[in-house]
Amino acid sequence: MNISIYTLTSELHDEQSVAAVTRDFLGSLNFDYEFKGSDYSDYGSHPLDLIYVRTGGTEGIFQRILPQLRLQSASPFYLLTSGKSNSLAASMEILSYLRQHGLEGEIIHGTPQYVSRRISLLARVGEVRNKLQGKRLGIIGKPSDWLISSHADADKVKERLGIELVHVPMQELLETIPNVPVHPLEEPAPAEYARPCVVDAVKQALPGAHQIYEALRMLVAKHQLQGLTIRCFDLLTAVHNTGCVALAKLNSEGIVAGCEGDVPAMLTMKIAQALLGVSGFLANPASINTETGEILFAHCTIPFNMVERYEYDTHFESGIGVGIRGYMKEGPVTIFKVSGDLSRCFVEEGMLERSQGNPDLCRTQQVIRLSDASKASYFLTNPIGNHHVILPGHHKEVLSQLLKNETGYQND
């Protein structure tokens with residue numbers, strides 16, 4: 001059960017009357033729940049635990065049980081109230097007490113429609129939080145030399161998201177690749193070639209791309225990883241190939257896989273995957289129109305499960321290996337990024353207006369118009385690194401709530 005409801009009730013109130021109000025109030029709400037009553041023994045063990053303040057005069061009861069509740073859960077306290085029998089007044093006193101002691105909380109009160117929507121959102125956030133707990137994400141190599149701001153605070157990541165960062169030497173991957181049998185890559189969907197002149201080069205590179213994929217799968221199994229980021233440009237000189245196909249395939253299989261050893265970007269992708277089931281398109285802005293809010297994002301790989309079709313090309317910067325030009329469905333998108341110390345976050349919605357295939361950019365290219373054009377200035381005044389993650393659909397509300405709960409972030 002995703003939602004559990006616990007109760008606070010004053011002994012001065014008639015139980016029969018309170019029970020009748022409870023039935024009517026909870027019956028008006030549009031979600032499934034498990035009613036726990038006054039037994040708080042498993043409080044904190046569910047995606048969302050609600051404290052239903054049924055009557056006034058319950059402030060002292062809450063004060064007495066608070067020490068135990070804090071031992072059982074570090075989540076904010078959500079106080080549900082119908083407003084009957086002075087329950088709203090009691091909830092306000094309780095929330096004030098929590099704030100005085102540096103604790104987070106919220107009173108959930110309003111129309112049945114508002115209460116149902118708010119609780120459903122919080123339950124979804126709780127599910128994402130649970131999915132992140134105990135996950136292991138690998139850093140294969142180290143961040144690329146040019147990512148001078150894209151590092152992470154491992155202790156804060158562990159404390160706030162429950163994710164462990166695992167360092168894997170790049171040499172371990174390079175020693176694994178030659179041990180993978182060479183055979184053609186099994187394509188997840190029919191692929192075309194972006195330019196006739198690259199067909200032979202890409203076909204020659206595909207078996208090596210498959211070796212990189214299989215080698216990464218071996219490291220995932222060996223180190224018990226649920227995601228990774230790789231210093232992928234080292235592959236250009238070491239094995240004369242790219243990791244673009246491997247990352248596209250891993251992401252489509254549910255293993256978050258990011259580029260260039262960018263740890264904050266990997267964390268962003270893992271949060272996105274826990275919410276949506278897709279890792280997102282990791283890319284960097286190539287051009288920005290601050291007046292219209294139109295931004296061109298580009299990168300040489302995109303998860304296969306995010307696109308309607310794709311083409312093979314060479315890797316843009318090097319002209320070797322295999323790059324991917326993917327075409328996502330046009331429509332609503334969310335641009336998302338968290339900082340490495342989890343103190344900042346950028347979440348904005350927009351529309352994917354078109355994909356394009358200019359030869360002088362990384363292969364997957366998306367033109368996105370922000371819903372609020374003024375937010376485009378963020379990229380030029382105070383960006384969180386260069387890589388950002390593009391997600392299908394609009395998800396600002398739930399992502400903002402998740403990061404507020406878990407990290408106390410500042411939304412840019």
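The following exercises, each with a worked solution, concern a predicted model.

**Exercise 1.** Determine where serine 85 lies and whether serine 85 is buried, partly exposed or exposed.

Solution. Start with the place in the chain: serine 85 belongs to the loop that runs between strand E4 (77-80) and helix H3 (87-100). Next take the backbone: the phi of serine 85 is near 55°, which is positive although the residue is not a glycine. Last comes the accessibility. Serine 85 has 33% relative accessibility, so serine 85 is partly exposed.

**Exercise 2.** Carry out the steps of Exercise 1 for glutamine 224.

Solution. Glutamine 224 sits in the loop between helix H7 (199-223) and strand E9 (227-230). Its phi is about 55°, again a positive value in a residue that is not a glycine. The relative accessible area of glutamine 224 is 54%. Exposed means over 50%, so glutamine 224 is exposed.

**Exercise 3.** Describe helix H2 by its span, its kink and its buried residues.

Solution. Begin with the span. Helix H2 covers residues 59-72, 14 residues in number, and extends 20 Å from the first C-alpha to the last. This is close to the 20 Å expected at 1.5 Å a residue. Then look for a bend: H2 has a kink of about 45° at leucine 66, shortly before proline 67. Now turn to the side that is covered. Leu66 is itself buried, as are Phe62 and Leu69. The partners of the buried residues of H2 are strand E1 (3-8), strand E3 (48-53), E4 and H3.

**Exercise 4.** Find out whether serine 150 is buried or exposed, and name the residues that serine 150 touches.

Solution. First locate the residue: serine 150 is in the loop between strand E6 (136-140) and helix H5 (154-161). Its relative accessible area is 2%. Buried means under 20%, so serine 150 is buried. Finally list the contacts. Leaving out residues up to four places away in sequence, serine 150 touches Pro143, Asp262, Val263, Pro264 and Gly385.

**Exercise 5.** Give the volume of the second largest pocket and describe its lining.

Solution. The volume of the second largest pocket is about 250 Å³. Its lining has 20 residues, of which Phe233, Glu260, His299, His315 and Glu317 are the closest to the centre. Sorting the lining by residue class gives ten nonpolar, eight polar and two charged residues.

Notes: Residues are numbered from 1 along each chain as its sequence is written. This is a predicted model: local features need pLDDT of at least 70, side-chain atom pairs count only at pLDDT 80 or more; totals for chains, interfaces and linings use all residues. Side-chain values use heavy atoms; hydrogens and water are left out. Helices (H or I, at least four residues) and strands (E, at least two) are DSSP runs, numbered from the N terminus. Buried means under 20% relative accessible area, exposed over 50%, partly exposed in between (1.4 Å probe, protein chains only). The expected span of a helix is 1.5 Å times one less than its number of residues. The bend at a residue is the angle between axes fitted to the seven residues ending there and the seven starting there. Contact means heavy atoms within 4.5 Å. On a 1 Å grid over the protein atoms alone, a cavity is a set of points where a 1.4 Å probe fits but cannot get out, and a pocket is an open set with protein on both sides within 12 Å along at least five of seven lines; lining residues have an atom within 4 Å of a point. Grid points are joined across faces, edges and corners, and a volume is the space filled by probe spheres set on the points. Ala, Val, Leu, Ile, Met, Phe, Trp, Tyr, Cys and Pro count as nonpolar, Asp, Glu, Lys and Arg as charged, and the others, Gly among them, as polar.
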